[in-house]
Amino acid sequence: MGLSSKILLAVFVIPVLASLLLNIIYQKPPSDHGKGTMFDTIATRYDFINRVLALNLDIGWRKVMISEVTSHGKIFEGKESVNILDLATGTADVAILMAKEYKNNNSPSKKEMKILGVDPSQNMINVGREKISKEKLNEEIKLELGDARNLDSLASDQFNAATMSFGIRNVPEKELALCEIHRVLKKNDNSRLAILEFSEPGEEAGIMGAAARFFIRYAVPVIGAIISGAPRDYMHLQNSIKDFPSPLEFASIMEGLTCTSANGQIGTFKVEKIVQMNFGSVQLYLAAPSYR
């Protein structure tokens with residue numbers, strides 16, 4: 001066997017063996033492991049770990065989401081001020097990118113914009129607030145501790161858009177969270193929900209999809225365990241991606257909602273677009289709130 005063949009074999013075998021070893025040493029995390037307390041322990045290292053595991057591609061994915069949910073910036077040019085809700089805001093990556101997009105919009109009809117970021121991890125919010133202050137975006141962004149399944153502190157029909165990046169798979173009662181988002185979104189032609197999430201690529205994704213699937217299953221938990229010092233947290237990451245519905249199944253969940261509303265109508269979402277990224281391992285769901 002030549003040197004190149006040995007290297008290639010090692011690239012595949014070592015992550016598999018290391019992943020198997022992790023599963024032997026550490027008990028499999030429960031399905032609800034990805035709650036606020038998990039992220040509290042890794043908050044100060046979260047951004048660095050994210051960039052490593054996503055090969056620094058995640059910022060680009062978030063920018064695509066922001067462009068889509070804001071209709072390429074047109075949302076900032078309406079007749080009224082704009083309110084945007086960023087759920088699972090974490091360290092405020094999306095909120096900061098959104099605020100920068102707003103500031104870079106030079107339209108003479110640009111209106112005031114406010115972003116509310118909500119996350120269940122206090123430590124993540126603390127890191128996010130430091131980043132917001134460093135970027136001098138305190139006027140545009142506010143962060144609050146909260147749970148996507150219970151947004152009782154927020155009024156109905158309050159937000160023009162809502163975003164959620166890599167958070168919905170950590171919510172056990174996904175339908176409950178989606179109905180809360182539906183409640184707080186304005187019901188008009190321009191209101192949108194954008195969800196960015198991982199999933200395991202299907203067979204239709206081809207060779208590169210298979211490589212991405214291998215990376216998620218075996219490399220992510222090992223690399224995450226090494227650089228975070230929190231093996232079970234990154235075992236959960238891999239498990240939560242594996243267990244997340246396929247893109248068509250998740251779109252069906254969104255469109256199959258039966259959210260009760262104050263006016264007696266049944267709320268749901270109409271999925272307008274599913275954008276595939278990173279060889280089928282990342283999806284952007286763009287949806288409009290509607291009634292049955």
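**Close-up views of a predicted model**

**View 1. Surroundings of Lys-142.** Residues up to four places away in sequence aside, Lys-142 touches Ile-115, Leu-116 and Gly-117 (contact: heavy atoms within 4.5 Å). The model is predicted, with local features needing pLDDT of at least 70 and side-chain atom pairs pLDDT 80 or more, while totals for chains, interfaces and linings use all residues. Residues are numbered from 1 along each chain as its sequence is written, and side-chain values use heavy atoms, without hydrogens and water. Lys-142 belongs to strand S3, which spans residues 141–145 (helices, H or I of at least four residues, and strands, E of at least two, are DSSP runs numbered from the N terminus). Between the C-alpha atoms of Lys-142 and Leu-85 there are 10.0 Å in space, and 57 residues separate the pair in sequence.

View 2. Ala-148 is found in the loop between S3 and strand S4 (161–165). With a relative accessible area of 10%, Ala-148 is buried (under 20% relative accessible area, 1.4 Å probe, protein chains only; exposed is over 50%, partly exposed in between). Leaving out residues up to four places away in sequence, Ala-148 touches Leu-87, Met-164, Ala-177 and Glu-180. One of these contacts, Ala-177, is 29 residues from Ala-148 along the chain, yet their C-alpha atoms are separated by 5.1 Å.

**View 3. Helix H5 within the structure.** Helix H5 covers residues 93–103, and because eight of its 11 residues are buried, the rest of the structure largely encloses this helix. The buried residues of H5 are Asp-93, Val-94, Ala-95, Ile-96, Leu-97, Met-98, Ala-99 and Tyr-102.

**View 4. Packing of helices H8 and H9.** Helix H8 (residues 206–228) packs against helix H9 (residues 231–243) at an angle of about 155°, and their axes are 8 Å apart. The two helices are therefore roughly antiparallel to each other (angle over 145 degrees). From H8, the contact involves Ile-216, Arg-217, Val-220, Pro-221, Gly-224, Ala-225 and Ser-228, and from H9 it involves Pro-231, Tyr-234, Met-235, Leu-237, Gln-238 and Ile-241.

**View 5. The protein as a whole.** The secondary structure comprises 10 helices and eight strands. Of the 292 residues of the protein, 50% count as buried. Among contacts in the protein with a separation of 6 or more, 76% join residues 24 or more positions apart.

Definitions and conventions:
Axes fitted to C-alpha atoms, helices over the stretch in contact; angles between N-to-C directions. Parallel < 35°, antiparallel > 145°, perpendicular 65-115°, else oblique.
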